[in-house]
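Colleague: Before we go on, please show me the model, and then I'll ask my questions piece by piece.

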Amino acid sequence: MLSVCLPGTGGMLPLPGRYLACCLLEYQGKSVLIDCGEGTQMALRAAGCRISRIERILITHLHADHLAGLPGLLLTIGNTGRTEPLLLAGPPGLYQAASALMQIAPVPYPVQVAELAEGGGLEGWAGLRIRSLPLKHGIPCYGYRCEIERKPVFNPQKAERLGIPKEYYRRLHAGESVRLPDGRTVEPQAVLEGERPPLAVCYCTDTLPIPDIAGFAKGADLFIAEGMYGGGDAGEAEKRKGKMHSTFPDSAWLAAQAGVRQLWLTHFSPALADPQQELEAARALFPQSVAAFDGIRLTLGSRSEKAAGEKQAF
């Protein structure tokens, strides 16, 4: 199962009742954080997220509302007793920016920095595969797609008919061949069926609605995208072009083109006091659109997976 939470949903500056946009993904007791603006450690705590579990931080771009919270968060993580390395990854220029910020945040654990080439990614960590996409913003900016491969469906009825003791089920489900006490060797294919696609979350913010995003987000279980401006009237369209941001309809159109299961809109302008009032324009293009709020969460891949917009504890 993959747990997703947006501790903050604001753009540009934190507001009373709305922290800056960030995203926490939790899988097998480990967490990946996307973006870290001012006050992110407070947003994480307010949302009930376990700060000590963060092992990777992905930065979309080097604007302050996505990066300036690093010193506070890294120090907070240090106060949890952490000694293991933490990986910080993002676009070119991250090493210099992070090094400067860490001058005021001496931490008792190693911080490794990886500058990702265009389209680069990260693999080999807890089964989570991360890919990036260059977006269209004023400076280099990346969207991220996080995927978890899922095991095929295990059929216990088949296992029972074959007389396989239950203590061998886990190994067979993991794809191992097993030798039973009676001397038989059972291959996993004998009890596995129903290949399942990966669980996928795509996060794209601070960008114009370029067509490449639809291909990048294709088939995602959850698409988290920018809703900097609301209904997309002529004035908002001009703002979008000038500042390279997206409206609710922009992101809803991309969600429809990508065929995603659901869309969470985030990174709201400080001028957008009530994002819910702008939701109709998005739902006209993509009915499964949700105006996210601080602390919204969802567990993907669980039997009791809840609809987007419902609060749910990890």
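**Talking through the model**

Modeller: Let us start with Gln 28, which is exposed at a relative accessible area of 59% (exposed means over 50%, buried under 20% and partly exposed in between, with a 1.4 Å probe and protein chains only). Please keep in mind that this is a predicted model, in which local features need pLDDT of at least 70 and side-chain atom pairs count only at pLDDT 80 or more, while totals for chains, interfaces and linings use all residues. Residues are numbered from 1 along each chain as its sequence is written, and side-chain values use heavy atoms, with hydrogens and water left out.

Colleague: OK, and where does Gln 28 sit?

Modeller: Gln 28 belongs to the loop that runs between strand E2 (22-27) and strand E3 (30-34), where helices (H or I, at least four residues) and strands (E, at least two) are DSSP runs numbered from the N terminus.

Colleague: What about the phi of Asp 35?

Modeller: Asp 35 is not a glycine either, and yet its phi is positive, at about 75°. You will find Asp 35 in the loop between E3 and helix H1 (40-46).

Colleague: And is Asp 35 buried or exposed?

Modeller: Asp 35 counts as buried, because its relative accessibility is 0%, whereas Gln 28 is exposed.

Colleague: New topic: which residues touch the most other members of the largest nonpolar core?

Modeller: Those are Leu 2, Val 4, Ile 224 and Trp 264, in a core of 31 residues. The largest share of this core comes from strand E9 (residues 142-148), which supplies four residues. A nonpolar core here is a set of buried Ala, Val, Leu, Ile, Met, Phe, Trp, Tyr and Cys residues joined through side-chain atoms within 4.5 Å.

Colleague: How many residues are in the other core?

Modeller: There are 28 residues in that core, which lies apart from the largest one, and among them are Ala 214, Ala 220, Ala 255 and Phe 286.

Colleague: Trp 264 was on your list, so which way does it point from E16?

Modeller: Trp 264 and Thr 266 point to one side of E16, while Leu 263 and Leu 265 point the other way, and all of them are buried. In a regular strand the side chains alternate between the two faces of the sheet.

Colleague: Which strands lie alongside E16?

Modeller: E15 pairs with E16 in the parallel sense over four bridges, and E16 is also joined by three bridges to strand E17 (residues 289-291), again running parallel (strands pair if DSSP finds at least two bridges between them). Leu 263 of E16 takes part in both, as it is the bridge partner of Phe 223 and has Ser 289 as its bridge partner in E17.

Colleague: And how many aromatic pairs are there?

Modeller: A search of the whole structure finds two. Phe 154 and Tyr 169 make a tilted pair, 5.0 Å from centre to centre and with 45° between the planes. Rings of Phe, Tyr and Trp (its six-membered ring) pair if their centres lie within 6.5 Å, and planes under 30 degrees apart count as stacked, over 60 as edge-to-face and the rest as tilted.

Colleague: Why does that pair tie together parts that are 15 residues apart in sequence?

Modeller: Because Phe 154 lies in strand E10 (residues 153-154) and Tyr 169 in helix H6 (residues 169-173). Both Phe 154 and Tyr 169 are buried.

Colleague: Now the pair of Phe 248 and Phe 268: what is its geometry?

Modeller: Phe 248 and Phe 268 are tilted too, with 5.9 Å between the centres and 40° between the planes. This pair links distant parts of the chain, 20 residues apart, with Phe 248 in helix H9 (residues 248-258) and Phe 268 in the loop between strand E16 (263-266) and helix H10 (279-283). Phe 248 is buried at a relative accessible area of 0%, and Phe 268 is buried at 1%.

Colleague: Last one: what does Gly 90 touch?

Modeller: Not counting residues up to four places away in sequence, Gly 90 touches Ile 59, Ala 114, Glu 115, Leu 116, Tyr 142 and Tyr 144, contact meaning heavy atoms within 4.5 Å. Gly 90 is part of strand E5 (residues 86-90) and is buried, with a relative accessible area of 0%. Ala 47 is 43 residues away from Gly 90 along the chain, and their C-alpha atoms are separated by 24 Å.
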